[in-house]
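Q: I have a structure open here and want to go through it. Can we start with the salt bridges and then move on to the chain contact?

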Amino acid sequence: MVEEKKMSTTHLLKRADFIFKSDNDWKDVLKKSLSRKANELINELISSELKGRGGAGFPTGLKWKITSEIDSDEKYVICNADEGEPGTFKDREILSRVPFKVLTAIAVCGHVTKAKKGFIYLRGEYFFLKEGLEKAILEFETFCKTIGFDFSISIFMGSGAYICGEETALFESMEGKRGEPRNKPPFPSSCGYLNKPTVINNVETLAHTYTIFKYGAKRFYDLGVQFSRGTKLFSVSGDTPKPGIYELELGMSLADFVEEFGDDDTKAVQVGGASGFLVPRKRFAETTIGFQGKLVGISLPTGGSMMLFNSSRSMFNVLDNYLNFFAEESCGQCTPCRVGCQQLLRGIKAVKRGEKNAGYLDKLLKLAETMTYTAKCGLGQSVANSFSSIVENFREEMIY
Amino acid sequence: MEKRKINITVDGIKYQIKEGKTILESCKDLGISIPSLCYLKDISSNASCGVCVVEVKGAKTLVRSCVTNASEGMEIKTHSPSVNLARITNLQLLLANHPTDCLVCERNGNCELQDIASVLGVNETPYDKTKPLLPLDESSLSLIRDPNKCILCGRCVAVCAEMQTVYAIDFTGRGLKSKITTYKDKGLGNVACTNCGQCALVCPTGAIVERNESSHLLKDIYDENKVVIVQTAPAIRVGIGEAMGMEDGALVTGQMVAALRRLGFDKVFDTQFTADLTIMEEGHELIKRLTTNGKLPMVTSCSPGWIKFIEHFYPKSLAHLSTCKSPQQMFGAVAKTYYAEKMGIDPRRLVVVSIMPCTAKKFECKRPEMNSAYLWWKEKMNLADKEAFFDVDYVLTTRELAKMFKMTGVDFKNLPEEDFDHPLGISTGAGAIFAATGGVMEAAVRTAYEVVAGKPLPDLNLRTVRGFDGIKEAELDINGTKLKVAVAHTLKNARVLLDQIEEGKSPYAFIEVMTCPGGCLGGGGQPIPTTWEIRQKRADSIYREDALKPVRKSHENPAIMELYTDFLKEPLGHISHELLHTEYIERGIY
């Protein structure tokens, strides 16, 4: 593993306290965790207040608890490594640098929930990670055998659809079907992969559980702020002199963030990728990055992408880019998302060209609202985040 | 077990209901109709359209009432500003890409998209068209698909996969490119589609419709040189009334005959006549197979969707199929030989029209081998190759006929009842029940029993094979010989019996298969809507028709007896072999 570390792009790292700390103690962490009772581990997670780092922020301990309490002879643990959000690039680093943390966490979750099988659903474009991961899995499984722990992990390669990062579409994809979200309820905890109880966690979430099992919940809980405990990886990109991956405590203000990462000309930050929110300069000070910040900074919906834009950027082009992405990546199942994305895209172009008057933007904002309320899954529901926050804050750039 | 009672609040009013139903169905029981579009009871759980959304207290988003169960304490608003906005917006999004040529659409006046637009008061959309025009799929002889009218509700995909296990169509593409299509866009006519038309029956718009042939037919009707005769399948008389504004399942045999005469048909005959003929041939074929160690179980061959299904998916089992043609094709062959000769009509002038509850029949009549009458006359009349004709010239669905009736302005409901013409219009109750699942079996038993046992059947009503169970079984005792028989409807259930045959585990001597749910009365060419409740009413009418018939056994049909005496001589004889029996081909699945 030391070899592999050297190969990866270490220069991207500026501040890494926990996540990227070496995973070479994984055998101890695994053995120690497996010797503990399921309840104990769940309580540890619950008291850490770790929330899912994929974006939705569901309490991880509760997720494990629900599945552990369901009686079923077959259960699954799935690591969601379909990192497809534009501007997010941290899961690939975790998997290439500290894969054993993730594997250990998957296995501990198996111990907690009595699942015997784990999967890593790996983004199609991350094929280059597959060989290294397979090597790690082999070593990991061999060790599990020697300590008499019955658990196996397989990699399932995605095929490039953004929607398959949505957990139920991911299950459909794994089952060999068309990647489309399912009707919910039921939820994965009781009815997931192959309709069996399934815990599905983001790569980073699993890596954090390793930290918690290693150091205890308190160490994690003491970081961050109320409702947003612990640290989080941020993928920083755009108009910044120091792009890269940073592990930062939750609860920072966006103003501090821009102070650190901006180029003194930052006019807006897109928090949470294409499906996140755009925060304009005038709101930097009042926006905190966490799960329950005030005002626009409710934030990090998708894995901590932070995209900075300076005054040379056209926000129309930014939005146009996002909407093209969504129109292309909408799975096409439900009307509001399938047609809504197309109409938003077409609509802003028509306004820009003067084919429709500026008032049409208000109609589109209403459409975006309907998408939020009636799209079936997170994809369609979150298109309005970037759309509304960009149109509302940079209306003049949409028109002129 | 009695379902638990739960308390819910709908639009501010408290109700106690039984647990286990969706919000939409629960509200329907309470007399509250939630507008919906893509939802179809028993069929669709795609929940794609976003019209049936409601507000549920505590939920982050609006909730799709068609797939979300009502639960204890739920507070539901079926209408509110945000619900109304969402419904209208989602409908407008669909309308943006839907053609507005309603006036020339097959489904004009019977379209769920039109209906919901009217219910929601939507008559325009602020959105532009975003989808490029796609070509029509006209590759099938039975069905035409217009992807531009498709709203991607997925009902057709669901019936094709879940009810029929045919999987001829599915979704492809993402986002803007999402569409429903066949394998590699080859078109329905070039893939393993059975032409059953259940997709057309559930389509909310005009995206899948039968290939309409009425305009061509009208030319022939108005042509003085042509003798145009019509046969009507048993299921038409219990379906067409619905399309003419009468109650579900209305039995309208007399009005139908009268209306067909007024439409201009020279003779109005009955497919039930050849249903009786089918029983004679098939009954004797079964006896022959039983007594000469032939291939068993024998499986019925009246349902052309089923025939194409087995040709595609179970070609190894083709020898189990009865070699009898379907009643429709027997009719064509008999009409253009026996009847033409008897009446002194040049068979080239004779136009045979079928009114069928079925879209697969359109394909069946164009199967290259369905030209027995031409071959019969070829040498006798020294016919050239280019004079070749099919036994049946046109097949129209119940829906197409209803449109023709409306066009000619007949006052259908109030027409005096009239009788079919002789001799091809004389039939028995056994012929009538061909319309319902189990009917062919029951009719066959009535005849086979008496032929073998040489004594009357104690009870003509074989109730064990009636009803809508997917697979029904019966055991017959014919003079001490025990015979197990089975009846299946829908291809999903047929598959179960076929798998048994291919595994060598089939305990049956005789199997009836009908492609469509409920049998022909639930066929893909029947009026829209066709639901289980409506199918039941049609079945009730058909069994009433049977009970009312003075003769209820095929072999006692006087016109059939005459046909054998004057022409065919005997069942399975050489003329029968030429005109009434056929063979099948292996088709593969790509």
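**Salt bridges and the chain contact**

A: This is a predicted model. In it, Arg289(B) pairs with Glu285(B) in a salt bridge, with the closest N and O atoms 2.9 Å apart.

Q: Where do Arg289(B) and Glu285(B) lie?
A: Both are in helix α9 of chain B, residues 271–291. They are four residues apart, about one turn of the helix.

Q: Buried or exposed, that Arg289(B) and Glu285(B) pair?
A: Arg289(B) is buried, and Glu285(B) is buried too.

Q: Which residues of chain B are joined into one network by salt bridges that share partners?
A: The network consists of Glu442(B), Arg446(B), Arg466(B), Asp546(B) and Arg552(B).

Q: And how many salt bridges over all chains?
A: A search of the whole structure gives 68.

Q: Switching to chain A. What does Lys90(A) pair with?
A: The side chain of Lys90(A) meets that of Asp91(A) in a salt bridge, 2.9 Å from N to O. Lys90(A) is buried at 1% relative accessibility, and Asp91(A) is buried at 3%.

Q: What about Arg395(A), which residue is its salt-bridge partner?
A: Asp362(A), with 3.0 Å between the closest N and O atoms. Arg395(A) sits in helix α16 (residues 395–399) of chain A and Asp362(A) in helix α14 (residues 360–374) of chain A, so the pair ties together parts that are 33 residues apart in sequence.

Q: How accessible are Arg395(A) and Asp362(A)?
A: Arg395(A) is partly exposed, with a relative accessible area of 27%. Asp362(A) is also partly exposed, at 38%.

Q: OK, the contact between the chains. How many residues from chain B and chain A does it take?
A: Chain B contributes 34 residues and chain A contributes 33 residues.

Q: What area is buried between chain B and chain A?
A: About 2800 Å², with carbon and sulfur atoms giving 51% of that. Leu93(B), Tyr127(B) and Arg174(B) supply 21% of the area that chain B buries against chain A, more than any other three residues.

Q: Which residue of chain A does Arg174(B) meet in a salt bridge?
A: Glu328(A), at 3.9 Å from N to O between the side chains. The count between chain B and chain A is four salt bridges, and 15 residue pairs are in polar contact across the two chains.

Q: Which elements give two or more residues to chain B's side?
A: Those are α2 (81–96) and β7 (169–172) of chain B. The most comes from α2(B), with seven residues. By type, the side of chain B that touches chain A has 16 nonpolar, 12 polar and six charged residues.

Q: New topic: where is Thr530(B) found?
A: Thr530(B) is in the loop between β17 (510–514) and α18 (532–548) of chain B. Its relative accessible area is 12%, so Thr530(B) counts as buried.

Q: What does the side chain of Thr530(B) reach?
A: It reaches the backbone oxygen of Pro527(B) at 2.6 Å. The side chain of Thr530(B) also has a polar contact of 3.1 Å with the side chain of Arg538(B). Leaving aside neighbours within four places in sequence, Thr530(B) is in contact with Leu201(B), Gly522(B), Arg535(B) and Arg538(B).

Q: Last one: what domains does the assignment give for chain B?
A: Domain 1 is 5–95, domain 2 is 131–210 and domain 3 is 215–579. The C-alpha centres of domain 1 and domain 3 of chain B are 43 Å apart.

Technical notes. Residues numbered from 1 in each chain as written. Chains lettered and ligands numbered in written order. Predicted model: local features only at pLDDT ≥ 70, side-chain atom pairs only at ≥ 80, totals over all residues. Heavy atoms only, no water. Domains from an automatic or database assignment. Contact = heavy atoms within 4.5 Å. Buried area = accessible area lost by both parts, 1.4 Å probe. Polar contact = N/O pair within 3.5 Å; in protein donor to acceptor, adjacent residues only side chain to side chain. Nonpolar A, V, L, I, M, F, W, Y, C, P; charged D, E, K, R; others polar. Buried < 20%, exposed > 50% of the residue type's maximum accessible area, 1.4 Å probe, protein only.
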